[in-house]
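Here is a short report on one protein chain. Keep the sequence and the 3D view open while reading.

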Amino acid sequence: MPFIDDSPSSSPRLGGQSRVGRDALTSGTSELDVEKGLEMRRWVLSAILDSEKTYLGHLEALLLPMKPLKAAATTSQPVLTGQQIETIFFNVPELYEIHKEFYDGLGPRVERWSQQQQVGDLFQKLASQLGVYRAFVDNYEAAIEMADRCCQANAQFAEISENLRARSMKDSKDPTTKNSLETLLYKPVDRVTRSTLVLHDLLKHTPPSHPDHPLLQDALRISQNFLSSINEEITPRRQSMTVKKGEHRQLLKDSFMVELVEGARKLRHVFLFTDLFLCAKLKKQLGGKNQQYDCKWYIPLTDLSFQTLDEAEAAPTIPLVPDEELDAMKIKISQLKSDIQREKRANKGSKAIERLKKKLSEQESLLLLMSPSMAFRVHNRHGKSYTFLISSDYERAEWRENVREQQKKCFKSFSLTSLEIQMLTNSCVKLQTVHHIPLTINKEDDESTGLYGFLNVIVHSATGFKQSSNLYCTLEVDSFGYFVNKAKTRVYRDTAEPNWNEEFEIELEGSQTLRLLCYEKCYHKTRLSREDGETTDRMMGKGQMQLDPQALQDKDWQRAIIAMNGIEVKLSVKFTSREFSLKRMPSRKQTGVFGVKIGVVTKRERSKVPYIVRQCVEEIERRGMEEVGIYRVSGVATDIQALKAAFDVNNKDVSVMMSEMDVNAIAGTLKLYFRELPEPLFTDELYPSFAEGIALSDPVAKESCMLNLLLSLPEPSLLTFLFLLDHLKRVAEKETVNKMSLHNLATVFGPTLLRPSEKESKAPPAPSQPLTMADSWSLEVMAQVQVLLYFLQLETLPAPDTKRQSILFSTEV
């Protein structure tokens, strides 16, 4: 994770001793050793700078003949064809630009050397661009073969390829040295290993207290993972296939996607090649046969467009799967994972575990098939359109960018014969980079299944925009294999340097990645995008960071920068595990309302329902009933804390404050009140009975049990619950606008209203053992959601203002 500790405090808002200072004090290293290490750092960096200069000379030597060869390719007497040049010199210009930027950035910093000079961001950025090396390495054998064939067929090119001149080291007598094309093409392959070794040396001489240390650690981790992925391939995977005329077709990207076919969802494997877009279906494997693909359709990139709908056109109807069904799948997945862990602990036979794993794979595949709901449409210029469903705008933008970038290099249309299609699909088996649907069943037992708990994120500011506009960001995290939109900043208007400084609390369910998408809010119809049947704002950039469990165990705020298309967004993040985040903590002062028993508050106020609940509900019903994602979308944490403080001191102006605040902050305040109750609304004593009652299969027995339990609640809890229940039903009546069904509301409020007080005897897990999906809490949460959903759907409940005697009478009937 990219840490940037550029503040004097471990908190992004409060002063205090810095992390650097604390680390230096606690370190056993002497000041003399630190000084010596920092001096060594300078020598290592100077050596890196010299090495970079030599490497740039090698890349320049490759680029030198490339330009005239390209110019000659368009004449009547070309030395090489455009496709041959593209294959031999594949990604060399891109590698040169990456390292030139790195060299130009590092040089001035080494010249203006000081002990606190930071270079980690440069190495981290360099490591983040290793994908270009992956493509180069995958193409390397094809490049060498092509160069060899061209040398045999063309004497002029053979002469060029044997006499390439590269800049020598500065102490060499000859300013240039002669190299063969093959020698120079091997330099980038060799560079990957050398870069990893250099990072080892640099990190060794960087004190743990130095701001560069976490950045270099991150860069080294990325480099090592990349190196491992290459070394693990015993026979190097060639991401290219020969097509007619000896040219090569390279695979650029592939992924599993859901295609919408005549209203039905179909799982597809999509491949983007250098000249075409292919949609394939994985055939069922019978009798131990190897994996095979069936081509459903393909579009040459010159014929492909992303269809824009006119005003008169209707958006494609996407059949949505009810949230209840999706949650039922999640419950089954959680139960199956729990069963697998139980079988493993009992050392049962592998056959039982394999059966459970097969069921788990089926459920996870079904969830991934049913969950996406965002359209991604591709259009063939001959009139046929195809619709995919994906879960995030991030992937949609990524696919569009990749296709449009490659289309710049494609100039002619074509059609494939049935034999060529067969060859193409056969090659997909070898070339595919995504071998499995992204299921947790494919993970090894010792792999982290992600984080469970709450991630507080402060979106500070952004720089790098070229002109003023109306800007906002959205935050997404992965959950059960797909991404979910969790929060949205306010729109910062007419600026190129937005300063949001907004804090959000995001619930994590096995999450491993945080994504940030930046948009321009388009208020004018003419500037709105109408791709994929949706009227959308313009995406300005996208980026992501990995949620590293080890790095986030530290409960202090961590600073981070997410870079995207020249834009940089500054964040602060802090993680709280579920064990700590869901612990109910009674307030020490009984004069407020937060953390104080509901009976104490209602008695003091002489009311049946706490004032805070009534005020929040009233304000939300006044202006939040049609707000998309009300109660689900996070409110700004600073606004919520301000309202909390105002309610706690009985501020007379609280209603005025509420009228000026974003309605999501008011919804967040109401949720926070119930979450911080020292005892849940459904009480610790009755909670086990509610959990047992909801599991009853007989509907008559279940209704009798649940209503009797409800009537057993203390009067303040009962009346407050009925008041809230009535409000939530009214919110759900606006579901077509606010997208909040009864089930969505139950998901949000179930754990908040039912979660019991934390047992003191239950110790939190060790930091090195993050919570797994198989832990009992996941099933508990599902049960809490089911209890609230049951009451929301029950029609026999009385109105919230009905007296207790009437309630008793209605249940007896």
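## Overall picture

This is a predicted model. The chain has 813 residues, and buried residues make up 50% of them. Its secondary structure comes to 27 helices and 19 strands.

The accessible surface comes to about 40100 Å². Carbon and sulfur atoms account for 51% of that surface.

## Salt bridges across the sequence

The count of salt bridges comes to 26. One of them joins the side chains of Asp212 and Arg41, at 3.0 Å from N to O. Asp212 sits in helix α9 (residues 212–231) and Arg41 in helix α2 (residues 31–73), so the pair ties together parts that are 171 residues apart in sequence. Both Asp212 and Arg41 are buried.

Arg381 and Asp303 form another salt bridge, at 2.8 Å from N to O. Here the partners lie in loops. Arg381 is in the loop between β9 and β10 (385–390), and Asp303 is in the loop between β7 (293–300) and β8 (304–305), so this pair ties together parts that are 78 residues apart in sequence. Are the two partners buried or exposed? Arg381 counts as exposed, because its relative accessibility is 53% and the cut-off for exposed is over 50%. Asp303 is buried, with a relative accessible area of 3%.

## A strand–helix pair and a network

Lys542 and Glu401 also meet through their side chains, in a salt bridge of 3.1 Å from N to O. Lys542 belongs to strand β17 (residues 538–546) and Glu401 to helix α12 (residues 393–407), so the bridge ties together parts that are 141 residues apart in sequence. Lys542 is buried, at 10% relative accessible area. Glu401 counts as partly exposed, at 36%. That label follows because partly exposed covers the range between the buried cut-off of under 20% and the exposed cut-off of over 50%.

Salt bridges can also be linked. Glu619, Arg622 and Arg623 are joined in a network of them.

## A negative patch

Which residues form the negative surface patch? They are Asp148, Glu159, Glu162 and Glu182. Glu159 lies in helix α7, which spans residues 155–162. Glu159 is exposed, with a relative accessible area of 52%.

Ala375 is in strand β9 (residues 374–380). Ala375 is buried, with a relative accessible area of 1%. Ser391 is 16 residues away from Ala375 along the chain, and their C-alpha atoms are separated by 8.8 Å.

Thr683 is placed in the loop between α20 (663–675) and α21 (687–694). What does Thr683 contact, leaving aside its neighbours within four places in sequence? Thr683 is in contact with Leu713 and Pro714.

How values were computed. Residues numbered from 1 in each chain as written. Predicted model: local features only at pLDDT ≥ 70, side-chain atom pairs only at ≥ 80, totals over all residues. Heavy atoms only, no water. Patch = residues over 30% accessible without salt bridge, like charges linked within 9 Å, V, L, I, M, F, W, Y side chains within 5 Å. Areas by Shrake-Rupley, 256 points an atom, 1.4 Å probe, with all protein chains shown as cover. Salt bridge = Lys/Arg side-chain N within 4 Å of Asp/Glu carboxyl O. Lys, Arg positive; Asp, Glu negative; His and termini not counted. Charge placed at Lys NZ, Arg CZ, Asp CG, Glu CD. Helix = DSSP H or I, 4+ residues; strand = E, 2+ residues; numbered from the N terminus. Buried < 20%, exposed > 50% of the residue type's maximum accessible area, 1.4 Å probe, protein only. Contact = heavy atoms within 4.5 Å.
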